[in-house]
Structures are given as structure tokens and as C-alpha cells.
Amino acid sequence: MRRFNGYMHGVDIGGWLSQCDYSKEHLDNFITEEDIRRIKGWGCDHVRVPVDYNIFQDENGFIESGFDYVQKCIDWCGNNGINMILDLHKTMGFFFDKAQAESGFFDNAELQQKFYDLWEEFAKRFSKYSDRISFELLNEVTDPKFSAKWNAIVENAIKLIRRYSADINIIVGSYWNNSIDSMKDLDKPYDEHIVYTFHCYDPFLFTHQAAYWVDEMPRDFRIDYPGSVPKYRSEIKRLGLEYMQTYEEVKTDKFTPDYFMGRFAEAVRVAEERNVPMYCGEYGVINLASAENTLNWYKDISSVFEKCSIGRAAWSYKGVDYGFIDGHLDGVLDELVKYL
């Protein structure tokens, strides 16, 4: 499978220009060039930068200050020899979290035009950095019923961006929140600069233990990694979380690297057939898991990323319930960053 060169080892900068309070104080101070320098020092080759449309765009047009933050990050990355992915996390009319009340995008031509307008503006301003920047069209399409409409929107957006750059990498994910199981339903890549992306928070019961945003999840729930697959199954049933994975595809009684190989195998086959790189734009463990368990999980999943030549960015550098530098990983952080 082709490698996504320059984007093999990365970190997400979640909670800065997305999923935040959008105050000027926050936008000005949450991330600085020193943070980019630290990530580079960890051995990473890129950062993924989620952004929300409302920083750049409202009903009246574009907001110049939003683009200034992106340009600032581009400059910081350039100063420190690290690449960057510009990820549109929320567009007008769609966000993966229904609580944000962004809806209607897939059935509304006017909302889709806002999406195209924003990507055209990004392309005008930033595609000149195509040697060190990539574009990710939209984060985590949710419902399978959007699949055909999303593929059509992707095609239109790619054609638009190609007016400004023939070679900038364009990253595309599929439904079920960028599930690896839905990657096969993406249209075949339109050119050699398309990248398929997925997210991996498996086993979900471990990576989201005690998550306050997961329905029916007790706030005191804890589980280990590595752990027993039958125990995971029984805990899912006990908690009433049957909509989570049942792990029926697991061939052993414990989670090991073989589990991740099994999860990735079909998508890797598809990517090889289509000669398209694979990129895991998010993977990580909630800050309520123990540091030792988190380190074990990163060792396992990273070994499989390496075997399969899959680029990735870990969620997340700071804050948003997963932050590397927020204190809970201090005892293992020096070792953990070796597996990013």
C-alpha cells in the first residue's frame, strides 16, 4: 500500500479552532508555536488541525480573523519543519455531535454551497503550501444514508480544489464517523493525491470508559487493556451498551496486536486494490484510563500501523478529555510519544 509520506506520525490539535468556546482569549492563547516545537521534538512529522466553519464564515460572508489563525499555524509549522492537515471539523449544517444542532447539510443545496465556498477560499489562500499542507474535507460523516450524497459532494469539492492545486493531498473519510468498516464505500480515488481516512477508538469500551457523553456509561466505570474479550462482551451487555462493538470478529480471548490486524485487514485490502494511502486521523484513549493501560494500547495499535504502513494522528495534544500534556500521562509520556 502507498504510504502517506510526510504524514506518518502525528498529533491532533483538538480543542483549539474546533470544539471550543471560540472566545478571542482562547483562540489567541490555547496553542502557541512552542506547542508545535514540542510536537516536533516528539518525533512527529505533522499536526492535524481541526477547524469549525463559524470561525471563518457566517451568513454574511467570510471572517478574516479565522483565516489568520490558520496562517499563523502554517507559519509555525514551516518554522519547525513539520507538516499540517487542515481538517474541517464542522461545516454549516453538519457536525458529528447532534447536540450542536447543526443539521440539514446533506439535503440542502445552499448549505452545500457554503461548504464549497469555504473550501474554495481555503484553496485560494493555502494550496500554495501543497508541499507541506493537506486538506481534509469533513470530519466524521455519521449516517450510512448520507453515503451516496457525500460521495457526490466529495467529487464536487475535489474538482473545485483542483482548480487551484493539482497536487495538494485531499483526505476523505466515510460514514459511521469515519469507521474503517465503511471505507470501502468511498468512491474510487479521483487522482493520485487522494487519501482515505478512518478513525480508530477500538475497543470502544476501553478508550471511552466513563465518558460523560456516552449514553448509559457509568462515570465510575473502569476496564483494563490488555483485557479479556469475553469480559468486554459481558460488560457491554451489563451496561446496556449493545450498540457498541460486540467483538464477534475477534479470534482470541484477549486483545493483542492481532486484534487490530483483523480490524484493519479488509480496509488495507481495499486501499491496496485502489492504490490509495490510508490515514488514521484520530485514535486515542480517554484521560480516565490508567497511564499504564494507555501506554499498552498505544504500543499495540502503533505496531500494526507500522506493519500496514498507515499514517496517523493521535487524539489529542491538549484538552478535550484526551490531552497528552494535561498531567495524567506524565509518568509514561516520554515512552508513549515513541509510539506516535
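**Exercise 1.** Which residues in helix 8 (residues 229-239) are buried?

*Solution.* The structure is a predicted model, in which local features need pLDDT of at least 70, side-chain atom pairs count only at pLDDT 80 or more, and totals for chains, interfaces and linings use all residues. Residues are numbered from 1 along each chain as its sequence is written, and side-chain values use heavy atoms, leaving out hydrogens and water.

Step 1. Helices are DSSP runs (H or I, at least four residues), numbered from the N terminus. Buried means under 20% relative accessible area, exposed over 50%, and partly exposed in between, with a 1.4 Å probe and protein chains only.

Step 2. The buried residues of helix 8 are V229, Y232, E235, I236 and L239.

Step 3. Viewed down the axis of helix 8, these buried residues fall within an arc of 120°, so they line one face of the helix. The arc is taken from the directions from the helix axis to the C-beta atoms.

Step 4. K237 and R238, on the other side of helix 8, are exposed. The cover over the buried residues includes helix 7 (204-207), where contact means heavy atoms within 4.5 Å.

**Exercise 2.** At roughly what angle do the axes of helix 4 (residues 109-126) and helix 5 (residues 147-162) cross?

*Solution.* Step 1. The axes are lines fitted to C-alpha atoms over the stretch in contact, and angles run from 0 to 180 degrees between N-to-C directions. For helix 4 and helix 5 the axes cross at roughly 30° and come within 9 Å.

Step 1. Angles under 35 degrees count as roughly parallel, over 145 as roughly antiparallel, 65 to 115 as roughly perpendicular, and the rest as oblique. Helix 4 and helix 5 are therefore roughly parallel to each other.

Step 2. Helix 4 contributes Q112, F115, Y116, W119, E120 and A123 to the contact, and helix 5 contributes W150, I153, N156, A157, L160 and I161.

**Exercise 3.** Classify the crossing of helix 2 (residues 33-41) and helix 3 (residues 64-80).

*Solution.* Step 1. The two axes come within 9 Å and cross at roughly 40°. That angle makes helix 2 oblique to helix 3.

Step 1. On the helix 2 side, E33, I36, R37 and K40 meet C73, W76, C77, N79 and N80 of helix 3.

How values were computed:
Helices (H or I, at least four residues) and strands (E, at least two) are DSSP runs, numbered from the N terminus.
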